[in-house]
Amino acid sequence: MTETIRLAHGSGGEMTSRLIKDIFYAAFGGDARDANDSAVLELPRGRTAFTTDSYVISPLFFPGGDIGKLAFCGTVNDLASVGARPIALAASFIIEEGTTFEDLRRIAGSMGEVSRETGVPVVTGDTKVVDKGSGDKVFITTSGVGSIPDGVDYHPRNIRPGDAIIVTGSIGDHGYSITALREGIDIKSAVTSDCAPLHGLIEALWPFGAHIRAARDATRGGVGMVLNEWAMQSGRGILVHEERLPVKDEVAGGTALLGLEPIYLANEGKMLVAVSQEKAAEVLDRIRSHPAGADAALIGGTNGDKPRVVLETAWGTQRLVPVPRGEILPRIC
Amino acid sequence: MRYGRKSFVDRDDDKKYVHKKYFRLMVERLREISKRPIKLMEVCGTHTMAIGKSGIRTVLPAEIEFVSGPGCPVCVTADSDIDAFMELAGERRVTLVTYGDMMRVPGSAGSLAELKAEGADIRVAYSSLEALAFARGEPQKEIVFLGVGFETTAPATAHAVKSAVAEGLPNFSVYNLHKTVPLAIRALLAGDGVQIDGLILPGHVSVIIGETPYAFIAAEFGVSGAIAGFEPPEIMAAIVRLAGDINAGKPRISNIYTKAVEPEGNLVAQGMLDEVFAPGDAEWRGLGVIPGSGLEFREGFASFDAAKRFSIERREVRLDRGCSCGEILKGMIKPSDCPLFGSRCTPERPVGPCMVSSEGTCAAYYLYNDMANVDQPTQM
Amino acid sequence: MCLAVPAKIVAIDKDSFSAEIDVMGNIRTISVMLTPDADLGSWVLVHAGQAINVVSDEEAQASIEIWEEILRGQG
C-alpha cells in the first residue's frame, strides 16, 4: 500500500476502489457489494431539511478535533438549527496528491466515530484527487438531510419583542484554540475546540414547540455574527449582557493577550436559542441538563425596534456589537 | 469556569466590585463638576478603542467632547513607507514578519494581506522574538521584521536587534518605522489645528518614557494632560481630573496610572532604546515630517537596517484616496465628517488606514459610535 | 498602540531574560529584559512579548487612593 495518495487514486479505477474500501467503508461502515450510484432513503412525512457545507480549514488537525469531525458536526448542527433530526449525511472529499493515507484514515476515522456516536450514517460520498498545489491537503463537503416534526419551526422571523436569548455554553473556545495554533503563536493552553454534535440537545427542546423561536450554531463570526443576523432578519434590536456571557478563564486571558474578542470567535459546539420569555427559565434548565449544554446561560433578549445588537458592558454602559469584519488577526495595538 | 469579561481588575470578585463602584462614582462626580463645553483628545489608539468598547461616551455629559489623536502607529504610517515595505515583501522576496495590525493597511499597490494571498511569504507575529526565531530556524531565508509602533513597542525591536548582533545572525533585519509620541503632541498643539483643552496621555508609552516628557504640554501650551490606564474607571478618573483642571484654569500633567507608570519611566527600556536608536526625522500621516520624531538605527546597528541592506528607496508618495484621514488624525474633524465615511469606506471595505486599523479612529467611530445617538443616556 | 495585559510569572530564567507567564491558564514565553526586578510570582504588564513593568499589589491599591483624591477634587 502506498503511503501517500496519488492522482491515480482518484481516477475511478482499481486504486480508487481500494481507497474507498480501505478508508471510507472502513470508517463509515457499509459494503461495496451494496453500493449503488445513489443512496436510497425513506424519509418520514412532513418537512425535510437539507443542508450542505464545505470545509477547507487549515490546520487539518487541532486540539479537540479535525476537519472530519468538524465537517460532520457542522452539517448535523445546521440541520439541528432548523429543528431537524439528522437522518443521513453525504461526504465528498477533494484530496491533494501527496496527502498521507495516515492523515486521511484519521480524518475519516473521526467522522466514523462521531457517526456511530450519533447514529447518523454517512450514506454516500465521493472522492477526487487533485494535483499537488491545487488544494490544502483535504477539502470536505458534507450535505445532510433531516426531518422536522410538526410544531417545530425555527427561524429568526419568529423572534418577537420580549423574547430571551440563550447560549448553550462557553464562547470562543474553537476560534481561540485555532487562532493560537494557526498563527504559530507560542501559547500553551488547555483550551480545545468545542466541536460537538448538538442535535440531541435541540431534540430535547422539541416539546416546547413554538416557544422556541430560532436556533443557530455560532460558527464563523461567533455569537456576535449570529446576533447581528437575527437582528437583521427579525427586524428587532437585541440586547445582551457582557456579565452573562460564559467565557472560560483561559479564553478570556488568551484573547486579551492577543487582542481578540470572544464574542466574535467561532464555536463548533454551541448554539444560540431564542425562546419566549415565558418558557426561558425552563428551556435553560432543559439545556443545562444535557451534557452539551451544561454551561448554558441566558444572555439577553430582544430590545427595541432598531435592528442592531447592543451590549450592556460589565460597567453598566452600553455599546454596539457590530458585525465582525474580515479576518481575525492578533494585534499589539 | 467564570462568567463575564476578564481583566486585570477581575482577578478577584472583590476588586471587580470595588472598581465598578468607583466607575459609578466617577460618572456622578463628572456630572457634578462639568460646567462648560470642553474638548479632550485621547492620543493613543488603544484608548480610542477602550473608550469605544467601554461605552463611556454614553454616560458622559453632553458638553464633554472627544477627539482622537495620532496615536495609532498603523494610521500614521505614511504612504511612502507603506509602499517601501510592500516593495520589500513583494518584489524583493524577503520573508516579511509583521504585527497583525499592519496586514490590511493599503498602499499604492494594495496591502500585505493581498500580497500574502498572492503567494508572498508574509507572516504575522505577536512579538519581535518570533521573527528572530524564524531567522534562526530558516537560515536560507532573509527575515525582515517590520518595526512599527511607539516607545512601548520599540524596545522589543531593540531587543531583537541586540540579540541578532550577539548571535551573529546574518539573515535578520528590521524595516524600521518606529516613532516617538511627545514630539507629535508638540506638533499637534503648535499647529493651527483644533483647540484642545485636555489630553488623555498614552498609558503604556508612559510606562516606558515616564512623566517628564509631557511637562511642556502644560508649561508651554497651557493644556492639561492625564496619563491614564485602560480600564473604564481609570479612563473616567482621568476625565474627571482633566475636567477639574480645565475648569480651575490650572493646567498640569497628572499621572493617574501610577500602578504602572513610574515618574522616571522604565530606565532599562530607555537605555536600550538609546543604545540602539537615535532620533531621526519621520513622516506622520496628517502631521507631515516631524524632525526628531523617528527612531533611526545608530551606526553600530546599521547593518540590521533593512532599508539599507536591500537598498530600498523611499519614494515620495501621497495617495489621494479622497479620504480625510490626515485631518482626522489631528482631531480637526470627526470621522463622520469625512465624505467617504460609512459609505465608500467601512471596516469591511476600508479606503484609508484610519478605518483599516483595528484601533483607527474611523474604525472605532464606525463600530461604537452609533450608540452616541442613543435616545436616552444610559441609566446607571 | 499599547495593548498590554497583566500576567503572572510562573517560570523565569534571569540569565537569558526569559520567563513564562500565565494569563489565566495560557502559558507563554516572554522576555523580561526590560524588567530586571521581575521575579517568580511577579505580576508584569506584557506588550508584544516583552514585560514592560512590574505591577505590585501596593501600587494597585494606590490607584484607589488616587481615585479617592480625584473624587474629592483634591490632589
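## Domains, contacts and backbone features of a predicted model

In this predicted model, the domain assignment divides chain A into domain 1, residues 7–148, and domain 2, residues 156–320. The centres of domain 1 of chain A and domain 2 of chain A, taken over C-alpha atoms, are 28 Å apart. Where they touch, domain 1 of chain A contributes 19 residues and domain 2 of chain A contributes 20 residues.

On the side of domain 1 of chain A that touches domain 2 of chain A, the elements giving two or more residues are helix 2 (67–81), strand 4 (85–96) and helix 3 (101–118) of chain A. Helix 2 of chain A has the largest share of that side, with nine residues. Sorted by class, the side of domain 1 of chain A that touches domain 2 of chain A holds 10 nonpolar, seven polar and two charged residues.

**Chain A as a whole**

Chain A contains eight helices and 14 strands. Its radius of gyration is 21 Å, close to the 20 Å that the globule rule gives for 333 residues, so chain A is as compact as a globular protein of that length. Along the principal axes, the C-alpha atoms of chain A fill a box of roughly 65 × 55 × 30 Å. Of the 333 residues in chain A, 53% are buried. Among the contacts in chain A between residues at least 6 apart in sequence, 86% join residues at least 24 apart.

**A buried helix in chain B**

Helix 15 of chain B covers residues 361–368; eight of its eight residues are buried, so this helix is largely enclosed by the rest of the structure. The buried residues of helix 15 of chain B are T361(B), C362(B), A363(B), A364(B), Y365(B), Y366(B), L367(B) and Y368(B). What covers them includes an element of another chain, strand 14 (318–320) of chain A. The cover also includes helix 2 (45–54), strand 2 (64–71), helix 13 (325–329) and helix 14 (353–356) of chain B.

**Where chain B meets chain C**

Contacts between chain B and chain C involve 41 residues of chain B and 28 residues of chain C. On the side of chain B that touches chain C, at least two residues each come from helix 1 (13–33), helix 2, helix 5 (128–137), helix 6 (154–167), helix 8 (203–209), helix 10 (232–248) and helix 11 (267–276) of chain B. That side of chain B consists of 23 nonpolar, 14 polar and four charged residues.

**Backbone features in loops**

Most residues other than glycine have a negative phi, and most peptide bonds are trans. The table lists departures from this pattern.

| Site | Feature | Angle |
|---|---|---|
| S58(A) and P59(A) | cis peptide bond | omega about 5° |
| S311(B) | positive phi, not a glycine | phi near 45° |
| F17(C) | positive phi, not a glycine | phi about 55° |

P59(A) sits in the loop between strand 1 (47–55) and strand 2 (61–62) of chain A. S311(B) belongs to the loop between helix 12 (306–309) and helix 13 of chain B. S311(B) has 7 C-beta neighbours inside 10 Å and therefore counts as exposed. The loop that holds F17(C) runs between strand 1 (5–13) and strand 2 (18–23) of chain C. Because 19 other C-beta atoms lie within 10 Å, F17(C) is partly exposed; a residue is buried if that number is 20 or more.

Methods
Residues are numbered from 1 along each chain as its sequence is written. Chains are lettered from A and ligands numbered from 1 in the order in which they are written. This is a predicted model: local features need pLDDT of at least 70, side-chain atom pairs count only at pLDDT 80 or more; totals for chains, interfaces and linings use all residues. Helices (H or I, at least four residues) and strands (E, at least two) are DSSP runs, numbered from the N terminus. The radius of gyration is taken over C-alpha atoms; the globule rule is 2.2 Å times the number of residues to the power 0.38. A residue is buried if 20 or more other C-beta atoms lie within 10 Å of its own, exposed if 12 or fewer, and partly exposed in between; C-beta atoms are placed from the backbone. Two residues are in contact if their C-beta atoms, placed from the backbone, lie within 7 Å. Domain bounds come from an automatic or database domain assignment. Ala, Val, Leu, Ile, Met, Phe, Trp, Tyr, Cys and Pro count as nonpolar, Asp, Glu, Lys and Arg as charged, and the others, Gly among them, as polar.
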